[in-house]
Amino acid sequence: MGGGASKPPPSATTTNDPYSVVDKPTTEQKPSDKVNTTENRTKPTNANASSNNVQSGSSSNRPKSNQPKSRTKLKDGDEPQAWELLTYLPTYGKEFEFSHTHYLYSNDVARLEDFAPPHTAPTRKHEIFDPDQYQHVDERTDAVKDSALEKPLSELIRLLCGDYDDDISKVRALYRWFTSQPVETTAYKKGSKPNTAMYQLWHLKNKRNTYAGLFSLLCWYADLPCAIIRGYLKGSTYEVGQKINKNTHQGEWNAVLVDGNWRFINAFWGACVLSGDEDEDSKNYFYTCDENFFLTDPQQLIYTHFPEEPNWQLIDTKKTIEEFETMVFLKDRFFNLEMRVLSHPYCNTEAKDGEIDIVFGLHPEKSSNHTFLCIPTFFVDKDKHRTKPVELPQKNVQLDFIHRSNENVLSVKVRFPKIGTYKLEIVGKDLAVNQPDYDYDWVAIYKVTVNSIPERQVFFPILEEAGWGPGKIIAELGLEAITHKTGVIKMQPGQLDVKFKIIDHAKFKEANVTYKVSPIGSEDEARLENHPFQQTGDILEASFNVTEGEFKMKISHNLGGGNERNICNYHIISAVPPVVVQQVGSEKAPEPEHDELGELRDKLSSAIDSQNLEDLERAVDLVESKGYATKLHNELREAKDLIARLKRLQKLIHEVMTLNQRTISEIRSYAHPIAEIHTVMRATLLLLGNPEEETKDWKNVQAVIGKTGKMSLKRRIQELDVNKLKAETVMRTKALLRDIKLEDIVIISAGAATFYNWSNGMAEEYEQRKRE
């Protein structure tokens, strides 16, 4: 398990049922569906993050399928044996073999040679799928009547996607139909014919099959290769920070081959959102097509789904089970809001001196409508499963402080009242979404250990209507902040000047803007006097003295008649810098001040050295979000150049992986290939470690190309590490390819052209790394 060598996984315990792809289901857990709240806070409620209602659009620009058709053609009444693909060996599968290129068990391993092995796709979901473009598919699917349940599956599939000529439309129709089936609330006929959906859904409801098993069968009928992936899920049985347990966390999902790339689907998680009390009689089931689990990006799914077979993670840098256990627990809403983790990548973390500051990246163009809440609770049992609300020791304070240090960064600060272990649930929503069932939902969940707190812990001021810092309401009044553009003001005791500029007099209309400043936790805040901002030309200014301590500045628009509207708030932290006194003869130097720029430079440098795409993208994201792009210009440029090169390598490998076996066999079939093709294949094999002398004879090249399993050409290319190449090998490869032009061979053999691009790209990447 993890990132080590792949082994065939053990067989699963099953029973016998000729129409179940997986005879005995493993645990198919739902994601947890209730957001716990503390008292006296806004109550987030769980809601599906996606809508079924989409806009109309054209499908004329969608790609056509480039996959070979299934060799088995179905007729009404046929009961053929399905082609099965699983990452484990079912006990009923006596004829199953393990594919060392695809890391799958199958009842027809040879057919896999026509399809790409598992690899990182060069595109993300949003690049290939827009729900608006597939509204016609959804409408057609929704119109399929319940009477089709008793028709042969082959006929049902024709009704759903019979005339589609592209993979996405087919798999979309299957997913839409399957996830809309009210399995829990329907009384299916037990005695239905085995080749009908009615029979399959009865078995599914009665735990004789799994969603993953049935979805793979539907895909087979639609000529879509579909694998059942077994692994571990952070679902309803998972508590943040706990160890993964095989008995309680195991589950299944699917990978479907779509236009040459394997894409993830979890039809069970996408089928139903459960709402109501835990009492069985009061459960309400809402069946919906949840977009989160349709063609889910591997970079997202890895936070909740861990395959037993590491190659089916479909990411470049494989995670271990230990890494999966410790990764931050990110939920669907995190990805819906296009957020990024910038500061705390692990779910188990520590609050130093009773405070934690978790930083997320935000989408600069969309996040102005995004709002967030933080829900801290206290673990009360040693197993860390039960929590209770945190009791605050004083009034008019709260534990959390959520603000934006700039438009790209969200800061979630929490101060804890006592030593212990806490659960930190961060929830969010998009205010622009107007669906009736849409509300706050989980973004991220942490388990925070607090080993020490200050002698006198100061909490945060109560959040007012306008939130922290200048935001939309300030803009609505025609104002712009000049001196303080975020919600935190750090200063030394003395005079504080807060200034705004009137940028739209029509909106401002001589508004009466006032403020009041109160110590945090003050019970007299409501009785404090409002002070007016002074206007000089287009400038509004408030000047006052601040003593040592922490304060809240509440700014309001006085509407007259005792009415006012909160328009902006600041958290003021006034402190005297500590005086560092070094004792005579002491070798200990004074501790340096926190150097954020230096830390970011080190993170960027470390990511560049690692040559890990995920680490590089996170480091670049952090630097740009924190506003240091100019100061770290050279380092940033180097990191971005490396990201571009790594993505190019990813694309080159993808092009090789998607070559079907017939294309490779075509190259092998040449009795006397043109010199350019022979040379390209010699260069390819040279990089893979074959002696050059052997490859001068085309028969030897043919023999190597014809190998399958662990020694197949595609698997060797997929596993090659560019850092382990030798300089003399790369030099000789460049020499072989020097006089060859791509246009001379692409007309004769697209496969040879793909190997030419790969060989050239690997050699160039090696030389670039050596220069650096």
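Modeller: Rings of Phe, Tyr and Trp (for Trp, its six-membered ring) pair if their centres lie within 6.5 Å; planes under 30 degrees apart are stacked, over 60 edge-to-face, and the rest tilted.

Biologist: By this rule, what does the count of aromatic pairs come to?

Modeller: The count comes to 25 aromatic pairs. Y175 and F294 form one that is tilted, with 5.0 Å centre to centre and 35 degrees between the planes. This is a predicted model, in which local features need pLDDT of at least 70, side-chain atom pairs count only at pLDDT 80 or more, and totals for chains, interfaces and linings use all residues. Residues are numbered from 1 along each chain as its sequence is written, and side-chain values use heavy atoms, leaving out hydrogens and water.

Biologist: Where do Y175 and F294 lie?

Modeller: Helices (H or I, at least four residues) and strands (E, at least two) are DSSP runs, numbered from the N terminus. Y175 is in helix α4 (residues 167-179) and F294 in strand β11 (residues 294-296), 119 residues apart, so the pair links distant parts of the chain.

Biologist: Are Y175 and F294 buried or exposed?

Modeller: Buried means under 20% relative accessible area, exposed over 50%, and partly exposed in between (1.4 Å probe, protein chains only). Both Y175 and F294 are buried. W177 and F178 form a stacked pair, 6.4 Å centre to centre with 20 degrees between the planes. W177 counts as buried because its relative accessibility is 5%, and F178 is buried at 0%. Ring pairs link W177, F178, Y211, F215 and F268 into a cluster.

Biologist: Which charge lies over the face of F294?

Modeller: A charge sits over a ring if NZ of Lys or CZ of Arg is within 6 Å of the ring centre and within 35 degrees of the ring normal. R172 lies over the face of F294, 5.0 Å from the ring centre. The charged end of K234 sits over the ring of F324, at 4.5 Å from its centre.

Biologist: How many residues does helix α17 have, and how far does it reach?

Modeller: The expected span of a helix is 1.5 Å times one less than its number of residues. Helix α17 (residues 675-687) has 13 residues and reaches 19 Å from its first C-alpha to its last, close to the 18 Å expected.

Biologist: Why is α17 described as largely enclosed by the rest of the structure?

Modeller: Because 11 of its 13 residues are buried. Among them are I677, H678 and R682. Just after α17, G689 takes a positive phi of about 105 degrees.
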